[in-house]
Amino acid sequence: MDILAYWQGIPAEQPIIRFYAICILFGACVALLLSSYRAHKKGFDWSFFLTIFFVAFPCGIIGARIWYVIATWSEEFAGRPFYHVFEIWNGGLAIQGGAIAGVLAGVLVVFFRRKGTPILQCTDFAVPTIIVAQAIGRWGNFFNQEVFGHAVSLEAWSFLPGFITNNMTNGSLPMVGTGNSGVIIPEGAIASPLFLVEGVINIAFYFLMTHGLETIEGKHYKHGDSTFAYFVSYGIIRFILEPLRNPHFIMGGKSDPHSQWMAIAFIVIGLVCIFFNHLLRHLDSRHVFDNIPYLNAALRYVKKRAGVGEEPLVTKDETESSLDMDKIRELTHRDDEDKEK
């Protein structure tokens, strides 16, 4: 059996550095690089997302843990010492909570610290890259021997390298990630590597969100559509793959699959947000809100702070230059003067 089969970190016996954490961190760094690259192509500075990353990433980890603890409280944490809630090195992060918390944290940083910056354009740069980070982070499940599928014939996956197939079976012993009462994969079979399947599908959806969606919508495409499409995409992926998981790794178990309902919620929320993204822009272009003083004032404030409806900070002819930070400072200074008045 390959030496990687039971390694969860370094050193192998009592890991101090866990591959689970390395995979998550590496995925986050790749997402940061992709976000920065996409923003730079539109004229933003390479360092634009750095501050946002240092806030959004830890918030995403906290949100992922909170979501997981709430969703699996009765199965994993009820009746146990409370400190187990904080043992994230043993696994237990729900991507749904991480995505929501990370995105919200990033939006707040842009809103309050990047005044005048078009928020939805920025989220379009960053949010779709989360799905790439998830594809890389799933390799952490591989090293932890968790979140895999049912036992299947080894011949069905014989094209995979041995260090993968060897890690998806262990004969008469429970898989590492399932504990003492876990699943035993019989000789001659492997657990289907759903982590790898999900990763490939994630990459496909990433290109669909970043290249295909704008082509499909054409002139009807609006900033924010790619952001909200992430929630639809990930909901679809989880809805399809969740039933294929081994029941030991389905939130709530097979009889009450919380994650299936979460997936449906993600799809619905994403579609509703895309709908309102277009509807509100259409109504605003027709000045429908002008006759509703309080709503109009609120919208004007948000648009001013977010750079929506203002002269664009970066035009199509300026894609090779950096984001005009002087203009952001000017908008910020003007906003502060208005407050003083």
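In the predicted model, a salt bridge (a side-chain nitrogen of Lys or Arg within 4 Å of a carboxyl oxygen of Asp or Glu) links R238 and E242, whose closest N and O atoms are 3.0 Å apart. Both R238 and E242 are buried, where buried denotes under 20% relative accessible area, exposed over 50%, and partly exposed in between, with a 1.4 Å probe and protein chains only. E242 also pairs with R245 in a salt bridge, at 3.4 Å from N to O, and R245 is buried as well as E242. Through shared partners, the salt bridges join R238, E242 and R245 into one network.

Residues are numbered from 1 along each chain as its sequence is written, and side-chain values use heavy atoms, with hydrogens and water left out. Because the model is predicted, local features need pLDDT of at least 70 and side-chain atom pairs count only at pLDDT 80 or more, whereas totals for chains, interfaces and linings use all residues.

The structure holds three salt bridges in total. One of them is formed by R138 and E198, with the closest N and O atoms 3.2 Å apart. R138 belongs to helix α6 (residues 130–144) and E198 to helix α8 (residues 194–217), so this pair ties together parts that are 60 residues apart in sequence. Helices (H or I, at least four residues) and strands (E, at least two) are DSSP runs numbered from the N terminus. R138 is buried, at a relative accessible area of 7%, and E198 is likewise buried, at 5%. Side chains of opposite charge can pair when their charged atoms come close.

With a disulfide taken as a pair of cysteine sulfur atoms within 2.5 Å, the count is zero. Among the cysteines, C23 is buried, with a relative accessible area of 10%. C122 is also buried, at 2%.

The chain has a mean pLDDT of 80, and 79% of its residues reach 70 or more. Confidence is highest in helix α9 (residues 225–241), at a mean of 94, and lowest in helix α12 (residues 325–340), at a mean of 51. Over residues 310–323 the pLDDT is below 50. Beyond near neighbours in sequence, this stretch has 31 contacts in the model, a contact being heavy atoms within 4.5 Å.

Methods
pLDDT is the predictor's confidence in each residue, from 0 to 100.
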